[in-house]
Amino acid sequence: MTAFKRRKVDSECHAFNEEWGEKHFFVETKKQKATCVICTESVAILKEYSLRHHYETKHRSTYLKFSGKFRSEKFESMIRVFESQNNLFTRKFAENKSVTRTSYKIVHRMAERGKPFTDGNFIKECMMEAANELCPEKDNFFESISLSATSVVRRAEELGENIALQIRQKARNSLRYSLALDESTDLSSTSQLLVFIRGVNLDFQITEELASVCSTHGRTTGEDIFMEVHKTLQDYSLKWNQLRGVTVDGGRNMAGVKTGLVGLIRKQLEDLQLRSALFIH
């Protein structure tokens, strides 16, 4: 019933009639949408009744005194003000968007170079010095770029989340994939397991990315590594029957757990009754 009413309302919409403008102080701003130049409220349904109802209930008592040439001049004057305000808003929105995009680009460069988050303040000082010398009339744009330590942290986290989302989407579209596992121990004696994914989609586009970094403490067994791999596949919505190969590094730790890991992966495939050609080396 709701869909029927919506279709009926949509079918009753008309093209904007220029005579309605001066008569009810409206301008067409978007397709099948008009905006009052007095209060900037919009009317979605382009029917004269809707525009007239808005004008008579909210503005008639004030603007009834304008008629003939004076009404035309008043309407034209209000259109110019409306367009000026609208252009100012559009320009301001574009400027804010550029400032935000610049902030993200700078943080991206900082992350690529492994710079501390607090370096954002130093970069901001350098930019302000350059702006004051080269283009002082635009120093307010540079001043608007947020590079405080808190902002840099937030931007870096958002960039990381976006990259992870893109990788997940690419991995999800893979028809077949393989894994590469690399384990090493950091300075704090914590074992770090790196899981790399390499996949190919329908268009034969290859994706090769670091999927996860897993920290484990104490002795690492084949079961521990298997559980981390299993969790990574779940996070990326990858299916076991799409797995075609697993490569492990030649490190001493991985050599000791390789046999157990291979056994667990093969058991997983058998439990799922998968008959796939799996290469593990």
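**Strands, cores and a cavity**

Visitor: How many bridges join strand E4 (residues 176-185) to strand E5 (residues 191-200), and in which sense do they run?
Guide: A word on the source: this is a predicted model. E4 and E5 run antiparallel. The bridges joining E4 to E5 number 10.

Visitor: Which sense does the pairing of E4 and strand E7 (residues 243-248) take, parallel or antiparallel?
Guide: Five bridges connect E4 and E7. One partner pair is Ser178 with Gly245, the latter in E7. The sense of this pairing is parallel.

Visitor: Which residues touch the most other members of the largest nonpolar core?
Guide: That core has 21 residues. Two residues of it touch the most other members: Leu179 and Leu181.

Visitor: What is the volume of the largest cavity?
Guide: The structure holds one cavity of 30 Å³ or more. The volume of the largest cavity is about 40 Å³.

Visitor: Which elements give two or more residues to the lining of the largest cavity?
Guide: The lining consists of Ile167, Ala171, Ser174, Ile197, Gly199, Thr207 and Glu209. The elements that contribute two or more of its residues are H8, E5 and E6.

Visitor: How many residues of that lining are charged?
Guide: The lining of the largest cavity includes three nonpolar residues. Another three are polar. The charged count is one.

Visitor: How many disulfides are there?
Guide: A disulfide needs two cysteine sulfur atoms within 2.5 Å. Cys36 is in no disulfide. The count comes to zero.

Visitor: Which is Cys36, buried or exposed?
Guide: Buried means a relative accessible area under 20%. The value for Cys36 is 0%. Cys39, at 26%, is partly exposed. Cys36 itself is buried.

Visitor: Where does Thr40 lie, and what is its phi?
Guide: Thr40 lies in the loop between strand E2 (33-36) and strand E3 (42-43). Its relative accessible area is 44%, so Thr40 is partly exposed. Thr40 is not a glycine, yet its phi is positive. The value is near 65°.

Visitor: What is the phi of Ser237?
Guide: Ser237 lies in the loop between H9 and E7. At 41% relative accessibility, Ser237 counts as partly exposed. Ser237 is not a glycine, but its phi is positive. The value is about 55°.

Key:
Residues numbered from 1 in each chain as written. Predicted model: local features only at pLDDT ≥ 70, side-chain atom pairs only at ≥ 80, totals over all residues. Heavy atoms only, no water. Pairing = 2+ DSSP bridges. Helix = DSSP H or I, 4+ residues; strand = E, 2+ residues; numbered from the N terminus. Buried < 20%, exposed > 50% of the residue type's maximum accessible area, 1.4 Å probe, protein only. Core = buried A, V, L, I, M, F, W, Y, C linked by side-chain atoms within 4.5 Å. 1 Å grid on protein atoms, 1.4 Å probe; cavity = no way out; pocket = protein on both sides within 12 Å on 5 of 7 lines; lining within 4 Å. Points joined across faces, edges and corners; volume = space filled by probe spheres on them. Nonpolar A, V, L, I, M, F, W, Y, C, P; charged D, E, K, R; others polar.
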